[in-house]
Amino acid sequence: MSGPNTQYDPVEVAALDPAAIDRAVEDALAQIAAATTLDQLKAARTAHQGEKSPLALANREIGALPPSAKAEAGKRVGQARGRVGHALRERQEELEAERDARILVEETVDLTVRVPRRPLGARHPVSLVSERVEDIFVAMGWEIAEGPEIEAEWLNFDALNIAADHPARQEQDTFFVDPPGSGLVLRTHTSPVQVRTMLERRPPIYVLCPGKVFRTDDLDATHTPVFHQFEGLVVDEGITMAHLKGTLDAFVQRLFGAGVETRLRPNYFPFTEPSAEIDCRCWVCGGSGTLGGVRCRTCGGTGWIELGGSGMVNQRVLRAAGVDPGRYTGFAFGLGIERSLMLRHNVADMHDIVEGDVRFSRQFGMEI
Ligand code: DAH
């Protein structure tokens, strides 16, 4: 016989009433079945499986039962909790599967859809050639020097021995800057940077001066009012024309390929004495003037291509720039970038270079 069950409290164990347990299970199953989202199912889990759920409460009360009642109550509560747990797991799986299926649909990536792309730009070939030329001279130990595009008339002309009434001053049809008599022009060549450099630093001077220049030409297939030149200037003791020739040969070989050479043809420039036109042996026909029996288009059959002007810096220019011609001599040269580009790549029309159409620029990789 068991003794009196002093701890048995009928109020506390009301939750163990079989009908109450069945109701708790039914409530739980109904709420679980009704859950259409994982959040709702989570709420159902808390309500029916959580610490304060009726079944958890009932479970806790088993301990208070007399031993004879424990087994049966334990079995009933255990089964009830088992059913709820099972229902929760099943619904969880269903809802997760639904969510995964929905994500697969919602986040589908259609790789065939055309998206608007920002078209890639391209460096302008004039920039590419300029940089290439600069690199060649910097590799020879030269420095880069720059000057303004709006230049003092004195530096653009007078200091370069181009007198006020000199025909070159009209030949190089100049943009004069307002007001008349301002003494300023849009530089017609990069040669004034020679004078600026000599005024700024003492020899030895080895500089390359690239930049934009301006002349009042109309834009047509071979002319443009704005174009680019690079000017070379060397001032040192004992500089001769042989240094000029050697430098130009080294330069054209690096730009146009091994075996290419230059020739100097007598000419006249006010700022150099003696002066020479620089011709470059045609890199297409190798100087023969013909290609497979046909006249070479690149050099027009002459075997040589005109690149620019050069010479020994005129003593008057050295003096104007404060350099002692008794001690120093120098050479200078000036070449056009657009012209080199048209020759190198058979560009027939200057418009293509000036207009800035990216489809033109894109054809020039880094190679020049
Ligand atoms: N400045 C000349 C021009 O614009 C080019 C030139 C010729 C530059 C001879 C030089 C030179 O330095 O020596 O056409």
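How many Å separate the centres of domain 1 and domain 2, taken over C-alpha atoms? The answer is 93 Å. Domain 1 covers 10–106 and domain 2 covers 125–362, with bounds that come from an automatic or database domain assignment.

A word on the ground rules, everyone. This is a predicted model, where local features need pLDDT of at least 70 and side-chain atom pairs count only at pLDDT 80 or more, while totals for chains, interfaces and linings use all residues. Residues are numbered from 1 along each chain as its sequence is written, and side-chain values use heavy atoms, with hydrogens and water left out.

Now to the ligand. There are 15 residues around it, and those that come nearest are His 189, Ser 191, Arg 215, Gln 229 and Glu 231; a residue is near if one of its heavy atoms lies within 4 Å of the molecule. Sorted by class, that shell has nine polar, four nonpolar and two charged residues. Here Ala, Val, Leu, Ile, Met, Phe, Trp, Tyr, Cys and Pro count as nonpolar, Asp, Glu, Lys and Arg as charged, and the others, Gly among them, as polar.

Let's look at some polar contacts, meaning pairs of N or O atoms within 3.5 Å. The side chain of Gln 229 places an N or O atom 3.0 Å from a ligand oxygen. For the side chain of Gln 194, the distance to a ligand oxygen is 3.2 Å. Phe 333 takes part through its backbone, with an N or O atom 3.3 Å from an oxygen of the ligand. Taken alone, the ligand exposes 350 Å², and the protein buries 91% of that, by the Shrake-Rupley method with a 1.4 Å probe.

Which elements give two or more residues to the shell around the ligand? They are strand E5 (226–236), strand E10 (304–313) and strand E11 (329–336); strands are DSSP runs of at least two residues, and helices of at least four.

Finally, some backbone details to find on your screens. The Pro 203 to Pro 204 peptide bond is cis, with omega near 5 degrees, and Pro 204 sits in the loop between helix H8 (192–200) and strand E4 (205–214). Another cis bond runs from Glu 273 to Pro 274, with omega near -5 degrees; Pro 274 belongs to strand E7 (residues 272–281).

Conventions. Polar contact = N/O pair within 3.5 Å; in protein donor to acceptor, adjacent residues only side chain to side chain.
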